[in-house]
Amino acid sequence: MRTSNVASIHVRWKHVGGWNGKDASSKRAVRARSVRSRSVEDDVLRVVFSEEEVHCRTAELGRMLAESLADKEPLILGVLTGGFMFAADLVRQMRPCPPGTTIKFVKASSYGTGTVSSKQVQLSGIEDSNIAGRNVLVVEDIVDTGLTLTKVREYLLERGAKSVTIVVLLDKKERREVPVPVDHIGFVCPDEFVVGFGLDYAEEYRTLSYIGVLKPEVYS
């Protein structure tokens with residue numbers, strides 16, 4: 001669907017199961033909290049990418065982007081909610097910061113509170129932004145089906161963006177359903193349900209400083 005009205009970008013798809021989708025019912029979320037251990041760390045089965053690994057890779061990406069966007073006056077567009085931690089750390093690592101850099105956030109929602117993607121994409125928060133003629137850097141936590149980033153990219157190009165560069169912390173290639181050009185990838189992610197560093201389950205676990213696999217009993 002192509003439209004110039006961000007509020008109308010609401011694409012309905014057939015419900016299909018998958019990892020790291022997030023649209024289970026609120027009842028399931030309540031059940032998850034009731035069986036959770038005393039701390040969020042206890043709910044992590046194993047660490048996939050440590051705090052140090054995430055920090056080092058983010059710093060590396062920041063330096064690369066600072067160089068490639070040096071004369072682009074980029075608009076950095078963080079995708080909420082999952083991308084907030086990655087976006088914040090990434091921009092601080094873009095040294096030297098390209099002149100003319102501005103930062104905004106878009107709320108891109110295609111998940112609910114569970115582990116299954118709803119295949120619905122809604123965008124909000126950048127309706128009044130001046131996109132035309134800008135070189136936009138989209139910062140996202142994870143790409144799996146590709147639906148969210150595809151809609152974000154289409155919207156920006158429709159609004160006249162000069163270029164759209166996409167950087168993601170995690171790429172779950174095995175879950176791709178639509179092709180989306182991802183320019184920079186932090187890590188290739190295993191096909192498991194991961195949380196931490198902005199990624200959540202039922203709006204929790206975002207504050208973990210690392211990325212780990214959530215114990216199945218938490219969400220089953």
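Aspartate 171 touches Val143, Arg176, Ile185, Phe187, Val188 and Cys189, leaving out residues up to four places away in sequence. Here, contact means heavy atoms within 4.5 Å. The model is predicted: local features need pLDDT of at least 70, side-chain atom pairs count only at pLDDT 80 or more, and totals for chains, interfaces and linings use all residues. Residues are numbered from 1 along each chain as its sequence is written, and side-chain values use heavy atoms, with hydrogens and water left out.

Stay with aspartate 171 for a moment. This residue lies in strand S7. Helices (H or I, at least four residues) and strands (E, at least two) are DSSP runs, numbered from the N terminus. Aspartate 171 is buried, with a relative accessible area of 1%. Buried means under 20% relative accessible area, exposed over 50%, and partly exposed in between (1.4 Å probe, protein chains only). The side chain of aspartate 171 makes a polar contact with the side chain of lysine 173, at 3.0 Å. A polar contact is a pair of N or O atoms within 3.5 Å; within protein, one must be able to donate a hydrogen and the other to accept it, and residues adjacent in sequence count only if both atoms are side-chain atoms.

The two side chains also meet in a salt bridge, 3.0 Å from N to O, between lysine 173 and aspartate 171. A salt bridge is a side-chain nitrogen of Lys or Arg within 4 Å of a carboxyl oxygen of Asp or Glu. How accessible is each partner? Lysine 173 is partly exposed, with a relative accessible area of 47%. Aspartate 171 is buried, at 1%. Salt bridges that share partners join Asp171, Lys173 and Arg176 into one network.

How many salt bridges does the whole structure hold? A search finds nine. One of them links arginine 206 and aspartate 200, with the closest N and O atoms 3.4 Å apart. Arginine 206 is buried, and aspartate 200 is buried too. Another joins glutamate 154 to lysine 151, and here the closest N and O atoms are 3.4 Å apart. Both glutamate 154 and lysine 151 are buried. They are three residues apart in helix H4, so about one helical turn separates them.

That brings us to H4 itself. The helix runs over residues 147-158, and its 12 residues should span 16 Å at 1.5 Å a residue; the end C-alpha atoms are 17 Å apart, which agrees. The expected span of a helix is 1.5 Å times one less than its number of residues. H4 is mostly covered, with nine of its 12 residues buried. Among them are Leu147, Leu149, Val152, Tyr155 and Leu156. Glycine 160 follows H4, and its phi is positive, near 95 degrees.

Now turn to helix H2, residues 51-68. H2 has 18 residues and reaches 26 Å from its first C-alpha to its last, close to the 26 Å expected. Its buried residues include Val54, Arg57, Leu61 and Leu65. What covers the buried residues of H2 includes S2, H3, S6, S7, S8 and S10.

Two of those strands, S2 and S10, belong to an open sheet. Strands of a sheet pair through backbone hydrogen bonds, either parallel or antiparallel. Three strands form this sheet, in the order S2-S10-S9, and the pairing is antiparallel. Strand S2 (44-49) and strand S9 (194-195) stand at the edges with a single partner strand each, so one side of each is left without a neighbour in the sheet. Two strands pair if DSSP finds at least two bridges between them. S2 and S10 (residues 211-214) pair over four bridges. Phenylalanine 49 has isoleucine 211 in S10 as its bridge partner.

Next, the loop between strand S3 (75-80) and helix H3 (84-92). Glycine 83 sits there. Is glycine 83 buried or exposed? At 0% relative accessibility, glycine 83 counts as buried. Beyond its neighbours within four places in sequence, glycine 83 is in contact with Glu140 and Asp141. Glycine 83 and leucine 199 are 116 residues apart in sequence, yet 7.7 Å apart in space, C-alpha to C-alpha.

Last come the aromatic rings. Rings of Phe, Tyr and Trp (its six-membered ring) pair if their centres lie within 6.5 Å; planes under 30 degrees apart count as stacked, over 60 as edge-to-face and the rest as tilted. By this rule there are four aromatic pairs. The rings of phenylalanine 193 and tyrosine 219 have centres 5.3 Å apart and planes at 55 degrees, so the pair is tilted. This pair links distant parts of the chain: phenylalanine 193 in the loop between S8 and S9, and tyrosine 219 in helix H5 (residues 216-219), 26 residues apart. Phenylalanine 193 is buried at 0%, and tyrosine 219 is buried at 8%. Ring pairs link Phe193, Tyr201 and Tyr219 into a cluster.
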